Amino acid sequence: MATTLEGCRCRGASLRNTNNSGSSGGGTSILYNILKSDRAEQQQNETLHNLLYSHRSSSTSSTVASGPAWRHQEPRQQSLQAACSCGATRRRGVLRSPQVTCKAASAILVKTLRFVKNVPCFRELPEDEQVVLIRSGWAPLLVLGLAQDRVDFETTETVEPSMLQRILTGSPQSQSEAAAAAAAAAVLSPSHGGGAGVALADIEAIKGFLKKCWSVDISTKEYAYLKGAVLFNPDLEGLRCLPYIQSLRREAHQALNEHVRLIHREDGTRFAKLLIALSMLRSISPSVVAQLFFKPIIGSVNIEEVLMEMFYGK
């Protein structure tokens, strides 16, 4: 299958034969070429730990920081805005065991980066294209990793005070005071991520996805193809290698379909179930993933900045 790459400066842009990538149970897809060095994983875990806590120290010393040009500025979700003026409180949740869950999430983040680094066709893309794909894909890839490693977590409900309650209880009035208070809270009470928590609806979306994956009993190779489909997202703005990325998304879907037909011939709905699981990932926001799994232990740190430093050494 030929692919048009006019205007794209990708190296090795010719497509691999998808029939060889998924039609044989013993074959190894380009989307499944993952290094499994325990020593390398341990070193990356130590690097991630150092980066996270160095960023936490710097972020608490300054409440306003300007990020690098590639930092993704995602708008705050409605669930993270101030509560309505009617005096009602919003149902939110925090991790019941933040140290345990966040440690597991950090380890999966390392595995996720290692997966991306060892997908040859990803590294053939220009660096700016890689950055766009990483910014879009790190959170759904992480949640896929949680499902693959069967990491479950418990939350406890908290509440976000309404605007009226904040005024009556003497909350900081100015933005600078509020920012300073939030930074202090992240340090003094890291187990609650600054006290804000995450909307219960967002938590249920993540838990619902995990349960869906576990009910289907997805295999290791199927997870690899799903990660490839998530990583190569052609729906993003600013992609110059769009035809190539589209072809890689198609290749991931085709390889997954062929694998399912070969291994699960008796289950004619399995491929559709896997696509439904993929669609559920679209409702999970990166900001929610960062706040739930990383903010409780590192405070208000831009996780994408840490990712770029780990991936490119910047």
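Me: If a salt bridge is a side-chain nitrogen of Lys or Arg within 4 Å of a carboxyl oxygen of Asp or Glu, how many does this structure hold?

Reply: Six salt bridges. Bear in mind that this is a predicted model, where local features need pLDDT of at least 70, side-chain atom pairs count only at pLDDT 80 or more, and totals for chains, interfaces and linings use all residues. Residues are numbered from 1 along each chain as its sequence is written, and side-chain values use heavy atoms, with hydrogens and water left out.

Me: Nice. Let's start with glutamate 157. Which residue does it form a salt bridge with?

Reply: Its partner is arginine 91, and the closest N and O atoms of the two are 2.9 Å apart.

Me: And where do glutamate 157 and arginine 91 sit in the chain?

Reply: Glutamate 157 belongs to strand 2 (residues 155-160) and arginine 91 to strand 1 (residues 90-95), so the pair links distant parts of the chain, 66 residues apart. Helices (H or I, at least four residues) and strands (E, at least two) are DSSP runs, numbered from the N terminus.

Me: Is arginine 91 buried or exposed?

Reply: Exposed, with a relative accessible area of 56%. Glutamate 157 is partly exposed, at 43% relative accessibility. The cut-offs are under 20% relative accessible area for buried and over 50% for exposed, with partly exposed in between (1.4 Å probe, protein chains only).

Me: OK, on to arginine 240. What does its side chain meet in a salt bridge?

Reply: That would be aspartate 128, at 2.8 Å from N to O. Here too distant parts of the chain are linked: arginine 240 is in the loop between helix 9 and helix 10, aspartate 128 is in helix 5, and they are 112 residues apart.

Me: What relative accessibility does arginine 240 have, and what about aspartate 128?

Reply: Arginine 240 comes out at 33%, which counts as partly exposed. Aspartate 128 also counts as partly exposed, at 38%.

Me: New pair, then. Which residue forms a salt bridge with arginine 270?

Reply: Glutamate 222 does, with 2.8 Å between the closest N and O atoms.
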